[in-house]
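Please look over the sequence and the model before reading these comments. The points below are written for someone new to reading structures.

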Amino acid sequence: MSSLTKESALNESEGTRPSSGVNADLAKKIRARRKQEISTEALFQKIKAGDKTALSQGITLIESHTAQAQQKAAELIEKCLPFANRSFRIGITGVPGVGKSTFIEAFGAHLADAGKKVAVLAVDPTSTVSRGSILGDKTRMETLVNHENAFIRPSPSGDSLGGVAKKTRETIILCEAAGFDTLLIETVGVGQSETTVHSMTDFFLLLKLAGAGDELQGIKRGIMEMADAIVINKADGENLKPARQARSEFRRALHLYPAKDSQWQPKVLLCSALKKTGIEEVWDLMKEFEELVKENGYFNSNRQAQNKFWMLQTIDEHLRNRFYRHPEIKKLLPEQLKALEKNETTPFEAAAHLLEKYRSL
């Protein structure tokens with residue numbers, strides 16, 4: 001078969017006529033089975049046994065916005081908590097086009113082949129216009145998605161800032177309860193403001209490209225300051241020499257930063273995810289980091305600090321949701337927005353008015 005006619009995940013197939021011989025009784029049974037809701041306990045037991053389908057169902061439950069689903073999700077998370085915190089969490093970020101998906105497939109396959117159970121939580125950007133997301137990471141990672149030791153879950157970022165989905169933190173708990181010992185969290189790659197993933201991972205990897213900034217770029221505070229390692233991807237062919245030069249520049253730049261609380265000195269490595277070179281060296285570096293931070297106590301103290309941060313974040317989200325969902329606020333908010341359009345008030349006065357009204361309710 002020629003390469004032009006070879007089928008792929010992105011090719012459309014010709015339409016087929018629906019069968020006229022559908023068994024009505026069988027169809028009825030299937031619909032009834034789909035309507036049956038699995039109990040939280042049953043779902044938990046399946047997740048604990050490593051059932052990937054049940055894990056997907058649990059994550060869908062967490063991402064649901066209905067009150068009933070949220071209650072079941074809270075019960076499920078509570079059951080999974082005693083079996084969580086047993087993984088090494090790796091955040092992977094970089095600008096769009098740096099090759100995150102290709103790197104994650106090569107890196108994830110390397111770990112899965114070595115016997116690691118790898119869960120990939122890939123976050124796709126949500127359009128501010130259509131509110132939609134492509135969620136195409138499973139299509140990109142054709143090899144990894146079929147590996148018995150791997151699980152890939154794409155999620156939309158929604159209106160969550162920081163490059164991660166709003167429920168990524170809870171999803172991590174479910175994946176750990178399912179027995180996945182290495183979590184790869186791919187972010188949308190929005191730039192230097194993308195820092196939320198740092199507050200839920202143990203190791204923070206920044207992918208860069210040669211020619212994307214000189215030593216001055218390293219002086220900028222932000223995402224580079226948080227990186228535990230910088231990996232210059234696509235270091236192959238004619239791009240190998242520029243990549244080596246970029247490695248030297250980034251190494252000099254990293255010395256401008258103060259020492260990390262973890263006592264770890266960030267490293268710069270070269271990698272070609274396409275050619276699968278440098279992958280093993282990246283994993284060796286991560287193992288070296290893990291050994292250091294577990295020995296000096298930073299690993300546990302960082303996890304505790306993250307838990308406190310997410311408790312405060314959860315309180316903020318809960319209060320914000322209660323405010324916007326209050327019936328009186330729903331009535332008053334459009335009025336204040338119209339007043340803003342007519343220059344009859346200021347944003348600060350309008351906010352103060354709404355908050356004062358909420359306090360009095």
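This is a predicted model: local features need pLDDT of at least 70, side-chain atom pairs count only at pLDDT 80 or more; totals for chains, interfaces and linings use all residues.

1. Does Arg244 count as buried, exposed or partly exposed? Arg244 counts as partly exposed because its relative accessibility is 45%, where buried means under 20% relative accessible area, exposed means over 50%, and partly exposed lies in between, for a 1.4 Å probe and protein chains only.

2. Residues are numbered from 1 along each chain as its sequence is written, and side-chain values use heavy atoms, with hydrogens and water left out.

3. Helices (H or I, at least four residues) and strands (E, at least two) are DSSP runs numbered from the N terminus, and two strands pair if DSSP finds at least two bridges between them. Strand S6 (residues 229-232) runs parallel to S5 (residues 203-208), with four bridges joining them, and four bridges also join S6 to S7 (residues 267-270), again in parallel. Within this arrangement Ile230 stands opposite Leu206 and also opposite Val268 in S7. From S6 the chain crosses through helix H11 (residues 240-254) to S7 in a right-handed β-α-β crossover, a term used if, with the strands pointing away from the viewer, the path from the first strand over the helix to the second runs clockwise.

4. In S6, Ala229 and Val231 point one way and Ile230 and Ile232 the other, yet all are buried. Ile230 is also among the residues with the most contacts inside the largest nonpolar core, which has 45 residues; such a core is a set of buried Ala, Val, Leu, Ile, Met, Phe, Trp, Tyr and Cys residues joined through side-chain atoms within 4.5 Å. A second, separate core of 36 residues includes Val118, Ala273, Val282 and Met286.

5. Thr171 has its place in helix H8 and counts as buried because its relative accessible area is 5%. Leaving out residues up to four places away in sequence, Thr171 touches Ile59, Ile62 and Leu121, where contact means heavy atoms within 4.5 Å. Helix H8 (168-177) is also one of the elements against which the buried residues of H13 pack, and those buried residues include Trp310 and Phe323.
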